[in-house]
Amino acid sequence: MQQRITVLKSAAPFIALGILVVPSTAHAYIDPGTGSVIIQAIIGGVVAVGFFLKTNWLRVKQLVRRVSGGKKK
Amino acid sequence: MIERHPASFRDRSGYIYRKNGTLLRAVQPTYKAEYDALMKSGLYDQLVGDRLLIPHTEVTGGARGAYKTLKPEPVDFITYPYEWSFSQLKDAALATLEIQRRALENGQTLKDASAYNIQFHQGAPTLIDTLSFERYKKGAPWIAYRQFCQHFLAPLVLMSKVDVRLSQLLRVHIDGIPLDLAAELLPRKTRMRPGIYMHLVLHARAQQKYESTAKKAKPRKVNVKALVASLESLIKKLEYEPAGTEWGDYYTFTNYTDRSFREKGRLVERFIKNVKPKRVWDVGGNTGAFSRIASDAGIPTVSFDVDPAAVEKNYREAKKREETNLLPAVLDLTNPTPGIGWAHEERESVTDRGPVDMVLFLALIHHMAIGNNVPLSSVADYVAKTCRHLVIEWVPKGDSQVNKLLATREDIFDDYTQKGFEAAFSRRFKTVRKTKIKGTKRTLYLMRRK
């Protein structure tokens, strides 16, 4: 129980960060759930950096190479 | 005659119905722009080309008031997520995410992510709901995220991390396993894994926290592509190893020498050739050895078994061999899948999805009659509802498998004799062929329903 409260506390700032979000599509026939919409905004933000690096890995590598190569000269 | 499908009522974009036996899908005028976007963006062709979406043709003379009427390619046999093994559910989940990824690249999104929208069509997990797409506004949330987590992520995590049999929770919770329940069932260590913690545990907490909130809120942008990629990498990592199956050593058990096993196969093959069935159900399929006699001959075959580990092995084999006619599925014949959902009609019982031309009922009668105390006449009555032809193996007392069942209990089955069996089944079936399986105490029958 104690552990759970701690977990909840650590999660609180993330949830608070979410600030209410509304879905904006016209044909939604299922309830997206307010909590589910808020949490996906947060998770999307958390994983975005990794996702960006993964999808742009070649470009990032080239950039790093260019920068570090430039310094060597 | 027009018959609207009882499960087709949630989404107002259209509905499916049968007209003179043909399955059709009406697209409502309100969905026109979305349907046109799917067809014109190239997404439809791309998904159909990669066997991720069911192909359809547009037909005339459809329902009154419909924008379009579609005739989808028929799916041989509908299965539900609670009838899938771990890898079947995992592949269905990954197919859903792949479809969503491609939709996003084409400026569209999946507006639902129901596991019931995925069917195994010619071996591949395929989206059968053509009206699941809508145009996507960049930064908008994924409406179906919650549904995806409930229908796919929660059961997969539970099956992988707790017990594979927990897939059966999907039978009780028709809209997927509630995330708070899933989180509660997980061991503490598993709960703290980053992906599981975010998509399941925190997600469940957020749901609880905002449960009663109906406030209009400030829009916040969501990176749905990153969200989908994160779900994909989490699900790809989930594993399940079917160690010893319930029937693991069944074929190596003393009943069958290699020779009599092959002999039984030859007899089954001969019976199938005699009847030339259009569809076959193997209702005690184990890992599919005998089902493949039918499916390899080009007959669409469902290979049922009660043991999820056997079905898992069967599915892996089918995938490896790229089989298009074999569909493994979990079924407990002593408690066959019932009709569930609204009015008991949303998801059909297994019996209502039949009958088929032929049922294989091999090495199973003793499990029903002795293992589950079902009178032989009652077995015959039920089986007669499922098929026109029956290949059934009589397993007498004295057979090592029957001895095993009787080892720990009193033998109250005086009527469990070959004579009693023939009498019980002759009420419903006519025996066409009857052959002793050499090297065993068993007899194989080909019967035709009266």
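**A tour of chain B**

Select strands S4 and S5 (residues 68-72) of chain B: the two run antiparallel and are joined by four bridges. Helices (H or I, at least four residues) and strands (E, at least two) are DSSP runs, numbered from the N terminus. Two strands pair if DSSP finds at least two bridges between them. Pick B:His56 next; its bridge partner in S5(B) is B:Pro72.

This is a predicted model: local features need pLDDT of at least 70, side-chain atom pairs count only at pLDDT 80 or more, and totals for chains, interfaces and linings use all residues. Residues are numbered from 1 along each chain as its sequence is written, while chains are lettered from A and ligands numbered from 1 in the order in which they are written.

Now show the whole sheet. It is open, with five strands in the order S1-S2-S3-S5-S4 (chain B) and antiparallel pairing. Strand S1 (2-4) and strand S4 (56-59) of chain B each have a single partner strand, so one side of each lacks a neighbour in the sheet.

Move to the largest nonpolar core, which has 133 residues. Such a core is a set of buried Ala, Val, Leu, Ile, Met, Phe, Trp, Tyr and Cys residues joined through C-beta atoms within 7 Å. Buried means 20 or more other C-beta atoms within 10 Å of a residue's own, exposed 12 or fewer, partly exposed in between, with C-beta atoms placed from the backbone. Color helix H4 (residues 145-161) of chain B, which gives the most to this core, ten residues.

Last stop: B:Gly341, in the loop between strand S12 (326-330) and strand S13 (356-361) of chain B. B:Gly341 has 15 C-beta neighbours inside 10 Å, so it counts as partly exposed.
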